[in-house]
Amino acid sequence: VATYGAKTPRSLQIDYTVGIKEVMSINASNALQTIVGAVRTPDQIKLTIVADSDDASTTPAEQVAWDANAEKHALITLNPANGKTVAFYFPRLCYAGNKPTQGDVDGLNRQTLEFMAYESGSGSTDLQTSAFRMLLA
């Protein structure tokens, strides 16, 4: 998994959808009930970042990585002060959505990057294989 260089995001959005699917059956407690339970399915985690472009280019690095379907990982820290830190770690991110393009946003050359987070695929514990980790310190 390639390391993405340190960037200062202008906008950060994390969309987390908990995966739950109802279990349907005709063997419910009464004749009108059809849902008899629920099961977990994989969560859907989407990360959207608006970041400054490194420089004006017709083939920025993010477009090349999107074309190659390159995997990334991200560590996002918020307020890194002792006792007030919040951090998010995504061990496996894959590009999603539209191909990143550069554009004028507030007079600066920026691009929107969209990723989907997936389980890391390695390790033997829930923490090692998780798609999303959060640290409060």
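I began with Ala-51 and found its bridge partner in S9 to be Gln-111. Strands here are DSSP runs of E with at least two residues, numbered from the N terminus. The model is predicted, so I kept its limits in mind: local features need pLDDT of at least 70, side-chain atom pairs count only at pLDDT 80 or more, and totals for chains, interfaces and linings use all residues. Residues are numbered from 1 along each chain as its sequence is written, and side-chain values use heavy atoms, without hydrogens and water.

Next I looked at the partners of S9. Two strands pair if DSSP finds at least two bridges between them. S5 (residues 44-52) runs antiparallel to S9, joined by eight bridges. S8 (residues 102-105) is also antiparallel to S9, with four bridges. There I saw Gly-103 opposite Arg-110. S7 pairs with S9 in the antiparallel sense over three bridges. Cys-94 has Met-116 as its bridge partner in S9.

I then checked the S8 and S9 hairpin. Two residues lie between its strands, and Asp-106 takes a positive phi near 55°.

Is S9 mostly covered or open? Seven of the ten residues in S9 (108-117) are buried. Buried means under 20% relative accessible area, with a 1.4 Å probe and protein chains only.

Last, I turned to Thr-85. I located Thr-85 in the loop between strand S6 (71-78) and strand S7 (86-95). Thr-85 counts as buried because its relative accessibility is 16%. Leaving out residues up to four places away in sequence, I listed its contacts (heavy atoms within 4.5 Å). They are Leu-78, Asn-79, Pro-80, Leu-135, Leu-136 and Ala-137.

Note on methods:
Buried means under 20% relative accessible area, exposed over 50%, partly exposed in between (1.4 Å probe, protein chains only).
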